[in-house]
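The following note sets out numbered points for a colleague who is examining this structure.

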Amino acid sequence: MGDRINTIITKLAEANDLKGVIDVADFNNADKLGRGKEMQDRLSNLVAIFETPALNFSKNRADGDDILGDAYEYLMRNFATQSGKSKGQFYTPAEVSRVISQVIGVNSAQSQSQTIYDPTCGSGSLLLKSADEAERGLTIYGQEMDNATRALARMNMILHGHPTAEIWQDNTLSSPYFKDADGSLKTFDFAVANPPFSSKAWSNGLDPAKDEFQRFDNYGIPPAKNGDYAFLLHMVRSLKSNGKGAIILPHGVLFRGNAEADIRKNLICKGIIKGIIGLPPNLFYGTGIPACIIVLDKEDAENRQGIFMIDASKGFVKDGNKNRLREQDIHKIVDVFNKQLEVAKYSRMVPVQEIEGNEYNLNIPRYIDSQEEEDIQDIEAHLLGGIPKRDIEALSDYWQVYPTLQQELFEAANRPGYLMLKIPGSEVKACIFTHPEFISYGKDIQAVFETWQGKHTPLLKAIQPGDKPKAIIYALSEDLLQGFTGKSLIDKYDVYQHLMTYWVESMKDDVYILVEDGWKAELTAVTNKKGVVTDYVCELIPKELMINRYFQTEQAAIETLETKKDEFVRQQEELQEEHGGEEGLLEEVTNDSGKITKANINLRIKEIQKNPLFADVDELKVLKSYLKLIESEAELNKEIKEATQSLHNQGLKKYRELTEDEIKNLVVDDKWMQALRQAIASEMDRISQRLAQRIKELAERYEKPLPQLTTQFEDLTTKVEAHLQKNGDGVVMSMDIPEGYKKTEVGIIPNDWEVYYISEIAKKITDGEHATPRRTTEGYYLLSARNIHNGRIDLTDVDFVGEDEYQRIRKRCNPEPDDIVLSCSGTIGRVSIVPSGLECVMVRSAALIKPDKAKVNSYFIQYILQSRVGQIQILQSLNQGAQANLFLNHIEGLKIPLPPLPEQKAIAQSLSDVDALITECDRLITKKRNTKQGTMQELLTGKKAWF
């Protein structure tokens, strides 16, 4: 069998010019594959893999390319990613290749006889992506110096359906292969290249001054140690008189001097450079430096009066350790370049006369200022208060859409040029969200989407076998882009990206299924390791879609049972936290892994009942309570299992009964359109968040003028110094017990203070939701440990829940003003007070303490827990267990030294004044820093004289 495989592969290699590439493996090697039956079994299993029906790609085309070819490119991309500098240069990212192919107009090719050429083709990825843009195809030529990389390119061509492509191995600069009959360089309709950057050995085997192909005549010879312009000039010489090309080079070619400056000047004067596109950094696998695309066009070059420039350096997304152009970035670059659109801070047509004035320097920042506007600090506002009117006017895009919102938010200050916020900063977001103009704008945007949805829903439901996925997404995306063109505030390319992201993540796979198999809800069996079927899945229609449309009542019943079960589990956890520690009432039934089982409880109850005289009544009561909870949980588990199985069976039955129209409704209406509708809604939310955040930022910046802050700071300093003088005698500096004090388990305290467990002075101690809540993008705050900081609750990175989840969780945990919240995981032991107006619930990583206000002051308890007394106890509680979590029984056991209530309030007020002093100090420092920045901005821009 091994010999037969070798023979077949040898014939494939000979037929496809791949000798020495795919025929190097020996499938008859006994040392590596075993002998006799062992080899036969191993090779049989290998062949069986390729006989799998799932690997039959003969009918399946992906984005115009076959699946096998795309799989090969995927492997090359990952090889480039992992190989880094050593091998990464052979591969050009597909996104950059697509930009190049579209800006040089490959799609205008009229016949396959037209040619495309890559003088440094690497693995052929750039060449292939460019050629594929031509609807009628192109004749492909490429040259690559490295033999192994040339083999990759050859494989790539074959697997992508271009077996006739000519790929030659040799040095392009010293030994160009493609020549005409007279020995001159062959010229092409299109050329693309991503040569090695700044090659130091470019002239090996070549005397540039005597170049037989005259590539450097009338331009100049590139520097001996930098070959960037050598490759560019080779491309220029390889283009027909109306040829078009693009080359990727480092930014240095745009501004370096000496010989390169002369070459650049000659190229500009001849009009060959049509455009320059600055790309983001870290896109390419061989280097992290930013690069640019230089677009060449010989057609009508002598009449070219300018160079079109784009600064696309800020449009990308992080993808592992590299950056990547998004779909919206690609589309925007191509649209702007091909339509020659001038976009502020992004693109412009730069006249040759202006370039000449800059000594033919093409550095993009000289012509396009893409820097964000500096946030000006207004000195007068810092000194006298009020928000500068110019900062509000800078939000004019919003006021054009919401013309009366500005009047509802702001009023004139006591001097011209400044405004005051009418409402508290915390109410700005709510004011925006509920404003009629915001609601009206949201409806307008929704109407645009619904118009697009109404147009394309019938077309999507008409998908049939044989349709082209690439054509489908093109029609969808272009029409969506067109629909949102000209809409204020919302960026049409952001909307486009939402669709393209969803296409890649989910919709694309669905469409491939439909164009292969039609509208069928086919179930696939899921088996375990023994081959037993355990479930069925439908890739096209997930269970959730079926449940939401047909079985909402049944699902709600299951969720109700699960909620009841969670309550029983929570009660078990509370009992274990209260009685499960050392010498606790549940100690005897807790196994080595910390679990309590029904068997252990029953055994312990029998032992107690055998010796009733020595029985602990409390222990027996707790054991029976815990046993009842276990049994209740088990009964609910049984009900949940039965209800889930019933729902599963109903679902399977419904899958088999689905009509084609029902499948279309589920896929198009419930799956695709619902996902896209939510994406548009999130974009609307982002728009309003930006406005609210900016207004809040300005309000906080200028809320208190510098003189007022200084006065408050001085007043608080005086108040704190008075507190320190008053309370100074109470500080114990020695180990001796002063008169009027006593020694306790928490330290030395005054005689009229008492020590209490926190459970004795709290009405309720609980933690947050144990199950995973259903989160939403807005609604009620869902606090976790990360939101709790000492003395404050941070809402900058917070989750949300809807009304139903909020009401459900509040049954367990209902934070109210002046309650205490405590972090129980992560950074454990941070404490804050719940402020008024905060509607929130919590997850398990946070605990809630509801103090008995007749006994204690909440702020006093907060300070005690923040103090050394509280933090040492918390640390000791953590050291008792293997897990770094603070449990309720730990919190309940914390000891609090407590003075009479009036003294608690006085101490809490003193410490609150100190906190306020620190806050005002921070504000004062920030205010002075901003005032300094504003002064520098005015002095350094000439707005104020130095003297």
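1. Helices H22 and H23 are roughly antiparallel to each other, a term applied to angles over 145 degrees. The axes of H22 (residues 598–610) and H23 (residues 617–657) cross at roughly 150° and come within 10 Å. Axes here are lines fitted to C-alpha atoms, for helices over the stretch in contact, with angles from 0 to 180 degrees between N-to-C directions. The crossing of H22 and H23 is left-handed, that is, the near helix is turned anticlockwise from the far one by less than a right angle. Helices (H or I, at least four residues) and strands (E, at least two) are DSSP runs numbered from the N terminus.

2. Which residues of H22 and H23 meet? From H22 come Lys598, Ile601, Asn602, Arg604, Ile605 and Ile608, and from H23 come Glu619, Leu620, Leu623, Lys624, Tyr626, Leu627, Ile630 and Glu631. By class, the contact of H22 with H23 has 8 nonpolar, 1 polar and 5 charged residues. Ala, Val, Leu, Ile, Met, Phe, Trp, Tyr, Cys and Pro count as nonpolar, Asp, Glu, Lys and Arg as charged, and the others, Gly among them, as polar. Contact means heavy atoms within 4.5 Å.

3. On the basis of the description: this is a predicted model, in which local features need pLDDT of at least 70 and side-chain atom pairs count only at pLDDT 80 or more, while totals for chains, interfaces and linings use all residues. Residues are numbered from 1 along each chain as its sequence is written, and side-chain values use heavy atoms, with hydrogens and water left out.

4. The protein chain as a whole has 30 helices and 32 strands. Its C-alpha trace spans about 110 × 95 × 60 Å along the principal axes. Of its 947 residues, 45% count as buried, meaning under 20% relative accessible area, with exposed over 50% and partly exposed in between (1.4 Å probe, protein chains only). Among contacts with a separation of 6 or more, 72% are between residues 24 or more positions apart.

5. The crossing of H5 and H6 is right-handed, the near helix being turned clockwise. Ala94, Ser97, Ile100 and Ser101 of H5 make the contact with Ser125, Leu126, Lys129 and Ser130 of H6. The residues of this contact divide into 3 nonpolar, 4 polar and 1 charged.

6. Strand E3 (residues 115–118) has Thr115 and Tyr117 pointing one way and Ile116 and Asp118 the other way, and all are buried. In a regular strand the side chains alternate between the two faces of the sheet. E3 pairs with strand E4 (residues 139–144) in the parallel sense over 4 bridges; two strands pair if DSSP finds at least two bridges between them. Isoleucine 140 in E4 is the bridge partner of isoleucine 116.

7. How many of the 10 residues of H8 are buried? The count is 9, so H8 is mostly covered. Among the buried residues are Tyr229, Phe231 and His234. The elements that cover the buried residues of H8 include E3, E6, strand E7 (239–250), helix H9 (259–269) and E9.

8. An open sheet of 4 strands has mixed pairing and the order E23-E27-E24-E30. Strand E23 (775–776) and strand E30 (840–842) are the edge strands, each pairing on one side only. Strand E24 (residues 780–783) pairs with E30 in the parallel sense over 3 bridges, and methionine 842 in E30 is the bridge partner of leucine 783. Helix H26 (residues 803–810) lies across E24, strand E27 (799–801) and E30, and runs at about 60° to E30.

9. Glutamine 214 has a phi near 55°, a positive value in a residue other than glycine. Glutamine 214 sits in the loop between strand E6 (188–193) and helix H8 (228–237) and is partly exposed, with a relative accessible area of 46%.

10. Histidine 890, in helix H29 (residues 888–892), is buried, with a relative accessible area of 14%. Leaving aside residues up to four places away in sequence, histidine 890 touches Ser877 and Asn885.

Definitions and conventions: Parallel < 35°, antiparallel > 145°, perpendicular 65-115°, else oblique.
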